[in-house]
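Visitor: I'm new to this one. Can you walk me through how the chains meet?
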Amino acid sequence: MNKNTQIIKSSLLKRKRSEKYFKYFGLTGIIAALLFLTIIITSIFTTGKKAFKQTAIKLEIFFDPKIIDPENKGTEETYKSANYKIVIKNALLNYFPSVNKRIDIRDLTNFISSSEEERLLEMILKDNTLIGTTKELWLTASSTIDVIHKNLEMLNITEKDRLIDNKEKKWFTKLLDDEKLKFQFNKTFFTSADSTEPEQAGIWGSAMGSFFTVLVTLILSFPIAVAAGVFLEELAPKNKFTDFLEVNINNLAAVPSIIFGLLGLAIFLNVMHLPRSAPIVGGLVLALMTLPTIIIATRASLKAVPPSIREAAIGLGATKLQTVTHHVLPLSFPGILTGTIIGMSQALGETAPLLMIGMVAFIVDVPGSFLDASTALPVQIYLWKSTAARGFVELAAAGVLILLTFLILMNSFAVYIRKKYEKKW
Amino acid sequence: MGFWSFSVFILIIAISAYWYGNTKALRLNSNSIEKLPSLPKYYGNYALIWLIFPCLLGVFLWITLNTYILDTILINHLPKELENSFAGGINMLVDRVKTINIDNPFPGTNPELIDAAIFLENKSNEVRAYFLWGIISISVLLCFVSLKKISFKFKARQAVEKSNVTLLILCSIVAIITTVGIVFSLIFEAMRFFDQVSIFDFLFGLSWSPQMAIREDQVASQGSFGAIPLFTGTLLITLIAMLVAIPVGLASAIYLAEYSSSTTRSIIKPLLEILAGVPTVVYGFFAAITVGPFFREFADFFGFNIASESAIAAGGVMGIMIIPFISSLSDDVISAVPQSLRDGSYAMGATHSETIKRVVLPAALPGIVGAILLAVSRAIGETMIVVMAAGIAANLTSNPFEAVTTVTVQIVTLLVGDQEFDSAKTLAAFALGITLFCMTLFLNLYALKIVQRYRERYE
Amino acid sequence: MKKSGNLMSSKIKISSKDVSVFYSQNKALNNITFDIDEKKVTSLIGPSGCGKSTFLRCLNRMNDTIDICKVKGKVLIDNEDIYAPNVDPVLLRARVGMVFQKPNPFPKSIFDNVAYGPSIHGLASSKDELENIVLTSLQRAGLYKEVKNRLSETGTSLSGGQQQRLCIARAIAVSPEIILMDEPCSALDPIATAIVEELIDELVKNYTIVIVTHSMQQAARVSQNTAFFHMGNLIEFGSTQKIFSTPQFKQTQDYITGKIG
């Protein structure tokens, strides 16, 4: 045993220890990253799940002929012009006979969401024999009551910090004790567009906006990107121009998305006068943005096709273009499709450029075409988050959950395709 | 003529053109000993190309020019008095007319406006008809000429392939056009901004308060457009993000590339990539709703006050977003270090961590630096997280617990809402845009070059 | 001078007893048993894939770095089993240096390349001592004259032959007892090969050298003993002279005459 062995042996323990620490350092990095992921998802899930249910109040509604159809005409016009707020008010007063001051009556009526007046009208229009009868109904509560019902601990804070005052608290507790309150599934959230009232606002409008936007993006970017990818990978001669093109595409992939929004604003809106806030402009901007992603994916999967296939086709007398369209492209198609789906899920989650071209507006109608003013899912989340009123934050979180669901579906599909058609040459 | 009937019409012409080209070629082939130089289908395809390309070009022109033409016609049509009586100027008036539903106008709408809307509707139909018929006649003419060309001397396959390749080249050039479009649109609007505000004040001014510029009683005093607070804010947030992302990302990359077994790796890598796939608006939401209040309560606990919008909340969450960029790029780079170098080090008796620290990481350094630079460029250009969590007050501060604002936040703030393309306030967004573009461009070019050179070294 | 080395009684340095190596289920080496003498050059020859490199990597436990690789049997160095549980591969590898097929200098300066071993093991207590070790190692590897003015240049800037000698210098900087060489000249041109071979002749005075080689001429030129491997088996082992002049087995004969290989 020589002298070096002695020296090394003496320091060995320390080195082994630092070896262990370093490994833990790496492991800590992974754990931290995964922890962040878990925290983000749980935090959003716990906030967002509240928005999928809403509070309803059970009331005995008397469809009073004196209010709905005082002159007994029986026409739709009369039904439409009737004031159903009074019907609801009477039902409430019936339940709380002690309320008699005007201001109290108003506060009490505010327990019920204003959308329920519309619902009563629709019930009458469907079946006018209801008039004169009494029916037990679960009416959607207003957002304030909803918030209190979801966070019952809020009842215990002092009156001035509370959303409802003492007399409202008394009414609320009575409803709660009599089991007149329940949670029902928030259907509105999935069927309507934005609204000023949280309990009436929904995601459907922005989802349709996103659908049209991404559809335009797909129609434009997919063919152009595949064509460009094929040219650059298979046909382009090696020269200054194609080098420049390549640098250009790589760089475009890293340009901040908001810059594309500025481009859209300056060119598509100000020069070309395309309609503001429309999915077609959003789609155009996002198409330019996703082009590099799909081009790069196309080139990668073309590159993965072994040259022997090309040589075989060319050996049979096929032209370069025939070789590519008949053999190489079909073989690389799964890869291109995967890249495209990933590009589309990027487009679906992109927000900043859409803000620039005005897809950030209060839009209560569900868009029906590429040209209608609309928002998009991520923009709707941003809008709801920025709304000060209570109840919108939950909507935003629920919107995030919907957006993430779509993204997970799209990405799983991409993974599925990749796994299914993965080829080892 | 509607768009759908137009499409069907073109489709019918297309099928018959192809069929005619094909059969004519077949007939020529069968009627003589001499054969056509290309397969008959190429003659059909040739005619088809001469139909489809002009069509697409025409439709593109129509979409581009339609609004412009209609707006001009409408402006010329509208009586001057109406224009003067309408608050908000001629552009607002045009927009107003467009939103009128002529079948069921909102009660109380100015009848003159309804008339204008009806006029617009008629004109719009007229213009569309002109365009679509024009497109059809030109396409059919060209298609007809191309069918005439079928002869024994004409090599259709070469012609078809040539035009296909041209199409592919045109598609590739879209990337260049986009870049040129970005540069020109930004420069053009930024120049108009610099007509009003000197470039020196913009780049070196210490105070940013653009909202003063549109107040009517302050026409003379322009508001101040010193972008330094925005730059420092951007840098501060980027710095915080990097302080989170570099250690975590690098540690993850090292563990993945050097320690983990291939099964763990195949589970953890996709999980980390989820972080990259989460939309930025979700991070912004998380930063604003969870992280911001958390830091505020944290500070409350220690007895000092901070706003819930703070550089640290935005920067920290941005760091989380950046982690997968650094980890996956660095993982690739570390894995690319040749095994022979590791073997060399092990053979000397180095432990695993000594090998990583003293051989692998130094060898991978250029690649890692490239990855970090790309991540920095990403952080500088990131918008939604800062818009939702960093605030809009332009504070010149280095305190991470204060609200700061960034270049991207200001672009959004300036452009969301009413825009007037004459005011310095709106144009300032483009000046900020070109600054942002240049910063990220140089970072990207430099980083890509480093990474490229690194790859060449070990491949 | 080549085979005149010291023909006197030689001490056994390494002793391999029933060594078998498995890659997952595949057996790469089959019960190898033979002894390697101290301060002699032992060459391992055989056709590609015969397991000679695998055996070499068993001697400093480099196979540990491959997960699927399992070693059975005993390798004794100075009568100690290096696969015993209490043996640390770090310590072992400091005693058994290795030079690889392709020169693999670290992307550091020439000086740092040689200083790497002493510094990770803490062999030099001062900067001067470290410098001393580096310079001596470079001198012993016969590289000092060529690089003395460019010690801070990166190791990859040297020519192939110089890089390989740098790797040898790097290996001897921790004063190992044994140096393993895995086809050290296969990536070098003839002139560089000749220089390295001369160096081996010089080094064998102080170190035990085991060299894997593809070239029978090289084995004949540099080694005193030769082991012939075929299909994971040790076919024949003996003095180089004997193996090349009067091989006992047909496979050895066939390989040496070029019938298999």
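Guide: Let's begin with a term. A salt bridge is a side-chain nitrogen of Lys or Arg within 4 Å of a carboxyl oxygen of Asp or Glu. Keep in mind that this is a predicted model.

Visitor: Okay. How many salt bridges are there between chain B and chain A?
Guide: The count there is one salt bridge. The side chains of A:Arg15 and B:Glu354 form a salt bridge, at 2.7 Å from N to O.

Visitor: And how many polar contacts between chain B and chain A?
Guide: There are 13 residue pairs in polar contact, both residues at pLDDT 80 or more.

Visitor: Which helix of chain B gives the most to the side that touches chain A?
Guide: Helix α6 of chain B, residues 156-196, gives the most, with 19 residues. By class, that side of chain B has 53 nonpolar, 24 polar and six charged residues.

Visitor: What area is buried between chain B and chain A?
Guide: About 6,700 Å², and carbon and sulfur atoms give 78% of that. In chain B, the residues that lose the most area to chain A are B:Leu168, B:Tyr255 and B:Phe285. Together they make up 9% of what that side buries. The contact takes 83 residues from chain B and 72 from chain A.

Visitor: Switching over. How many residues of chain C are in contact with chain B?
Guide: 24 residues of chain C contact 18 residues of chain B. C:Pro107, C:Tyr116 and C:Ile120 supply 31% of the area that chain C buries against chain B, more than any other three residues. The area buried between the two chains is about 1,600 Å², with 64% from carbon and sulfur atoms.

Visitor: Which side chains meet in a salt bridge there?
Guide: Those of B:Asp343 and C:Arg57, at 3.9 Å from N to O.

Visitor: What gives the most to chain C's side?
Guide: That is α3(C), with five residues. By class, the side of chain C that touches chain B has 13 nonpolar, seven polar and four charged residues.

How values were computed. Residues are numbered from 1 along each chain as its sequence is written. Chains are lettered from A and ligands numbered from 1 in the order in which they are written. This is a predicted model: local features need pLDDT of at least 70, side-chain atom pairs count only at pLDDT 80 or more; totals for chains, interfaces and linings use all residues. Side-chain values use heavy atoms; hydrogens and water are left out. Contact means heavy atoms within 4.5 Å. Buried area is the accessible area (1.4 Å probe) that two parts lose on being put together, summed over both. Helices (H or I, at least four residues) and strands (E, at least two) are DSSP runs, numbered from the N terminus. Ala, Val, Leu, Ile, Met, Phe, Trp, Tyr, Cys and Pro count as nonpolar, Asp, Glu, Lys and Arg as charged, and the others, Gly among them, as polar. A polar contact is a pair of N or O atoms within 3.5 Å; within protein, one must be able to donate a hydrogen and the other to accept it, and residues adjacent in sequence count only if both atoms are side-chain atoms.
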